[in-house]
Amino acid sequence: MRKSVKAVLLLEDGTEFHGYSFGSDKSTAGEVVFNTAMTGYPESLTDPSYEGQILVTTFPLLGNYGVPPQQSQGDLSKYYEGDRIHCRAIIAQDYSWEHSHWLATRSLSDWLKEQGVAGIYGIDTRALAKHLREKGSMLGKVIIGDDKAEDIDWYDPNKENLVAKTSCTAVEEYGQGDKTVVLVDCGVKHNIVRCLSKRGVKVVRVPWDYDFTTIPYDGLFISNGPGNPDMAQATVDNLRKAMEIGKPICGICMGNQLLAKAAGATTYKLKYGHRSHNQPVQRVGTNTCFVTSQNHGFAVDGDTLPADWEPLFINMNDGTNEGIRHKSKPFFSAQFHPEASSGPKDTEFLFDEFIAML
Amino acid sequence: MTDHNIKKVLLLGSGALKIGEAGEFDYSGSQALKAMKEEGITTVLINPNIATVQTSDGFADQIYFLPVTPYFVEKVISKERPDGILLAFGGQTALNCGVELQRSGVLEKYGVKVLGTPVRAIEETEDRELFVKKLDEIDVKTIKSQAVDTVDQAIEVANTLGYPVIVRAAYALGGLGSGFCDNDQQLRTLVEKALSFSPQVLVEKSLKGWKEVEYEVVRDCYDNCITVCNMENFDPLGIHTGESIVVAPSQTLSNEDYHYLRALAIKIVRHIGIVGECNVQYAFDPESMDYRVIEVNARLSRSSALASKATGYPLAFVAAKLGLGYGLMELRNSVTKDTSAFFEPALDYIVVKIPRWDLGKFHNVSREIGSSMKSVGEVMAIGRTFEEAIQKGLRMIGQGMHGFVENKNFEIKDIDHALQAPTDKRIFVIAKAMQQGYTVDRIHDLTKIDKWFLYRLQAIINTSRELEGYDTLESLPVELLRQAKQQGFSDFQVARSVLKDNMGTGEDANLLVRALRKKLGVVPVVKQIDTLAAEYPARTNYLYLTYNGSENDVQYLHDHRSIIVLGSGAYRIGSSVEFDWCSVNALLTVKEQGWRSVMINYNPETVSTDYDICDRLYFDELTFERVMDIYDLEQPHGAIVSVGGQIPNNLAMRLDQEGVNILGTSAKCIDNAEDRHKFSAMLDRLGIDQPRWRELTSLEDIEDFIDEVGYPVLVRPSYVLSGAAMNVCHNDDELKRFLRMAANVSKQHPVVVSAFIQNAKEIEMDAVAKDGEIVAYAISEHIEFAGVHSGDATIQFPAQKLYVETMRRIKKVSSHIAKALQITGPFNIQFLAKNNDIKVIECNLRASRSFPFVSKVLKINFIDLATRAMLGLDVQKPAKNAFDLDYVGIKASQFSFQRLQGADPVLGVDMTSTGEVGCIGIDSQEAILKSMLAVGQRIPKHSVLLSTGTPRQKAAMLDAAHMLHNHGYTIYATSGTCQFLNDNGIPAIRVYWPSQPDMHPQALELLHSRKIDMVVNIPKNQSSTELSNGYKIRRAAIDLNIPLLTNARLASAFIEAFCSMTLDDIEIKSWQEY
């Protein structure tokens, strides 16, 4: 038998789940969330939106296809969604110690160890997901080996400005093109940059609180990002100015929430969020539906949208807001991830719709 | 927005079960009928497969037990005048029939609208050339192949592409006529054969070694598209997906791979314009993201049935609704009830499908598997590790294996070769190779199976080695025991690995491990399949057990108000859809009587594993261990073991010993019927006659016994080396040859020898009893004389040609047996009758294969009666009986010899048919004609080749030969037969045997040049396995798709039928109208 180090996930309500470590031996804490996707752990782990979170995968097997190389293309990672792993830990039922994929250069275990991120297997993640579904997302501690739970502090990422933590600190440019898109980095996934720049526009990536109204642009793009949208008031303030300017605006995920706030609507925390590859959304007023990739804990309260705004998409499972648009101006946003990575690419056409507005 | 003009819909079924088209279409058709019913639409069903659930009361409004051919479908259309037709739910049979009806203008003539995917789109997926062109339009890569219609063209193309090439026949089900060729000679043979089925054959470059991946895609008329499931083949390209172990979801694809292929699938489906369900198959390069689309199936398929069961998403039901014009967003997820049907299931478990082969039943058939399908059934195993799922699955296939390891040892001469050239045993060859120290890399090089799968199999080997390091169960560390259980080890495997040769009977050792586990708290948990991986609450009753979990999803009431029905497991030769029908009907009665119905079964092709047919479905093993696990959890009132065929029947004794309340006939009485010695003694006591038999352990003893009873004898070895399990031997030579080849006679492996009575009638008694008294019964007779397995025989009900005296005796003997065994529930007794003497040859205290047939012909549901009896309810004797019927039912067998290259298509004492039909007619002749046409026979146009065996058989066929002659058929006959016919005043043209190649006309030549359109070839004896003249003719007939009959009595019956009536004389009457 493999001599694995024991590991425990302790939830803030006192529930314990026992398993074994396959990652870093550093104990940690964060907010425990579950994702029902069946693929995409390298993308999810590096997704800045998971900053401060402990990711539970309901698909029981993890690590089958290893991890692709850390390789850069320009200033972007070729295979990852960020420069590093943003999750604090990852938890699964069964870890595959051996992997097999032509692109893999190492195992998930080795990568987690290198990045100092915990991994636990041997936990009934279905039972854990049901627990979170019933009680709501909660904080958790991952205790490795003989570490003591009391030596680790609880960590609530929603009390911190994670947008600031994951945003770039200086302006960066990508790609070439006649048109310029300012991308406000609230913790942007690299694939958003790729999706924009491959459409032949120049992307100017700016920090979350940068006053982009001072620079020339043809369109504005507000990225995804981690945590509570209330923390990113600076972005909301700048957005209000941009709405005065009137040039096309598009947002994704956190971008949807910030655009809604700038319009005057409010946001709230979902009981346990949407994290999966199979969220169905319907374009309001049409018979057109999409399977979307999602990763968010907060949502826009559609009822609070002002009169000149309307919902663009709604979630077909629970009716929550999945996107908004201005009734007359070229402003729209989506709560889901048209850039996918990981997940289905069915809504990538939204980038085309945005580019067409410029 | 649905089409409100559709008030009546015709659904085409797939007919008899055959290799490539099995129970999955009963499931999908039943779902479609359910969907129509929910909409208030009248349904008409054409399906001659009488044993199916879909052809039962309450599923369709009008059911026609008629062949699914354009001729009969048109007749039904003109009578019923449906508004719409569903083509996607009856496999390739229904699809091909629909395409023909569209082409010939029949659908237009009667104003019948094709619901769902339009015929144009179907044609674009079926015709390879159109298909490639269509996908070229959107720059999707296909396997470029060239269509040829002659052998020479094929060779030219192959030489341009370079070998190896793959050959496919267009419009063929399950890869019929397909195969790989390495040289001109192989190509020539294969193409010639393929051209006999299909006007067009495709030659293409082989991509052996690539991964094979499939997506199940659903699209509605609003262009909304989802992929419900993806699946990955364990075996790389080169092995037909029906022959491959398959996992869902894919395990070795990265997110990028998965979604790249998913997006392509959606693009393809949109471009083709599918409305409903469809399947896209890819070849995927293991070293890059290069791909080729292998094919698109524009209909429900085996894969879609599997995907439905694997995910809980009711594909056929939804596809049927989409055909009516619904959008996906307008339909609900039937598992969660609150979420939308527009979504893609998220699995939190892994599913492994394993095919079930029965190649051992056939003479001369190759064990190698490849691009053409040979398997007869499949199982689906669910687990939360790959190891757990595959080990479960390897037990489920029911070939005596205990999992991946700890199986009986078997010899492999050349492991390298056995890995390279896959057979039905390859997975066990991998186990053997690993045990002998082959590395994962080496096995990968030889098999091209992705290393990930091999690593996981290696993990099982590693655990078994660790277990083997212990000698007592008590010394086993609990963590190791738990790990073994998490990797799917059964208690038996644990016991064998630890106790080795000291385990005594496996049964005791099982109980020891079980007790130890329970003491240590190593017990499985129950998980739900909820389509959304726990994201939303679901009140689903679709369950499986796993050791990879810490919590049950189900809160048990332990109120003893549930009843467990044990299902029938994998379809195999001898046990298929008929037991699904029995199981489903038992569940329905259990529920109707106010109990909670609980099903255990693991066959994804069945209706009994549809989660809305019962209150709780355990999609899990039918082993003693697992049934006890479920019994412990469920604490039911009792269990029904008599409706699922032999698997549950065999468990009765052991379950009873553990205190399970077996409903109906007691386990002890079941054993008294199953145990040959006890049963025989009982018959002697009751003064009931039986053929003389003895269990013998040496050749001398066998010879002594034969001296007493005389030849021929029926020989049944208890241990089979190869080939069929039993045989009739007519002389010393045959006996010795059979014993040498097939059996190993010894004290450990006795052989049962019984007197074989020639020219006797075989009669079936299907009945239901309560407390030892018969409540209802049905007596049917075989058309063939005894010697043809009852599963292969053509059966007539009510019996038409039995003496009243014989019937009376059968009833009396059956009553005695029912009383002696205190039967409560279903049972079946087989009799031999000669003159008025009857002998009992077999008795099963369970439902038999013919239960659905007799129930439907008699219109009395025997399983409902049996279930009521087992529940202890009062059962009224039905008022009517077989004498009241003014019609006749014929059950005929479907053979799949075309699929089984080299197999000798003869009938014998071992069963070889894969399915059956049951047709009703106003008399025997009409019923025979319908049923023979329904199993693929055709009425010959001009000429028949007769080769009619022994003098006795020749005489038996004389009347039929006269009729053929009088109807203007040209009769060709081999030497003896020709002589006999001429002597009796019937002109016949002599043809020469294949062993006389220089003489003309030559039988094979005539067949190849299509001068003959029916062959009657009666083998002289049934034991010869060598290549013989007769074999060559029979095989040529099969390979060239020329109707073949090999039994004199059946051939006579068929010939008499088509000579005395024409197709137009056949009445088009639904079951309800009889």
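Guide: Before we start, a word on burial: a residue is buried at under 20% relative accessible area, exposed at over 50%, and partly exposed in between (1.4 Å probe, protein chains only). This is a predicted model, in which local features need pLDDT of at least 70, side-chain atom pairs count only at pLDDT 80 or more, and totals for chains, interfaces and linings use all residues. Residues are numbered from 1 along each chain as its sequence is written, chains are lettered from A and ligands numbered from 1 in the order in which they are written, and side-chain values use heavy atoms, with hydrogens and water left out.

Visitor: Thanks! So is A:R205 buried or exposed?

Guide: A:R205 is buried, because its relative accessible area is 7%.

Visitor: And what does A:R205 form a salt bridge with?

Guide: With A:D185, the closest N and O atoms being 2.9 Å apart. A salt bridge here is a side-chain nitrogen of Lys or Arg within 4 Å of a carboxyl oxygen of Asp or Glu. A:R205 lies in strand 14 (residues 202–207) of chain A and A:D185 in strand 13 (residues 180–185) of chain A, so the pair ties together parts that are 20 residues apart in sequence. A:D185 counts as buried too, at 0% relative accessibility.

Visitor: What do you mean by strands and helices?

Guide: They are DSSP runs, numbered from the N terminus: helices are H or I with at least four residues, strands are E with at least two.

Visitor: Which residue forms a salt bridge with A:E348?

Guide: That is A:R199, with the closest N and O atoms 3.1 Å apart. A:E348 counts as buried, at 16% relative accessibility.

Visitor: How many salt bridges are there over all chains?

Guide: The count comes to 96. Ten of these salt bridges are between chain B and chain A. One of them joins the side chains of A:R126 and B:D553 (2.5 Å, N to O).

Visitor: Let's stay with that interface. How many residues of chain B are in contact with chain A?

Guide: 61 residues of chain B, in contact with 52 residues of chain A; contact means heavy atoms within 4.5 Å.

Visitor: What area do they bury between them?

Guide: About 4800 Å², 50% of it on carbon and sulfur atoms. Buried area is the accessible area (1.4 Å probe) that two parts lose on being put together, summed over both. B:N255, B:R384 and B:E535 supply 14% of what chain B buries against chain A, more than any other three residues.

Visitor: New topic: why is helix 5 of chain B largely enclosed?

Guide: Seven of the eight residues of helix 5 (residues 119–126) of chain B are buried, so the rest of the structure largely encloses it. Among the buried ones are B:V119, B:A121 and B:I122. What covers them includes helix 3 (91–103) and helix 9 (255–272) of chain B.

Visitor: And what's the strand order in the six-stranded open sheet of chain B?

Guide: The order is 17-18-21-20-19-22, with mixed pairing; two strands pair if DSSP finds at least two bridges between them. Strand 17 (525–528) and strand 22 (638–640) of chain B stand at the edges with a single partner strand each, so one side of each is left without a neighbour in the sheet.

Visitor: In which sense do strands 18 and 21 of chain B pair?

Guide: Strand 18 (residues 542–546) and strand 21 (residues 616–619) of chain B pair in the parallel sense, over two bridges. B:L543 has B:Y618 as its bridge partner in strand 21 of chain B.
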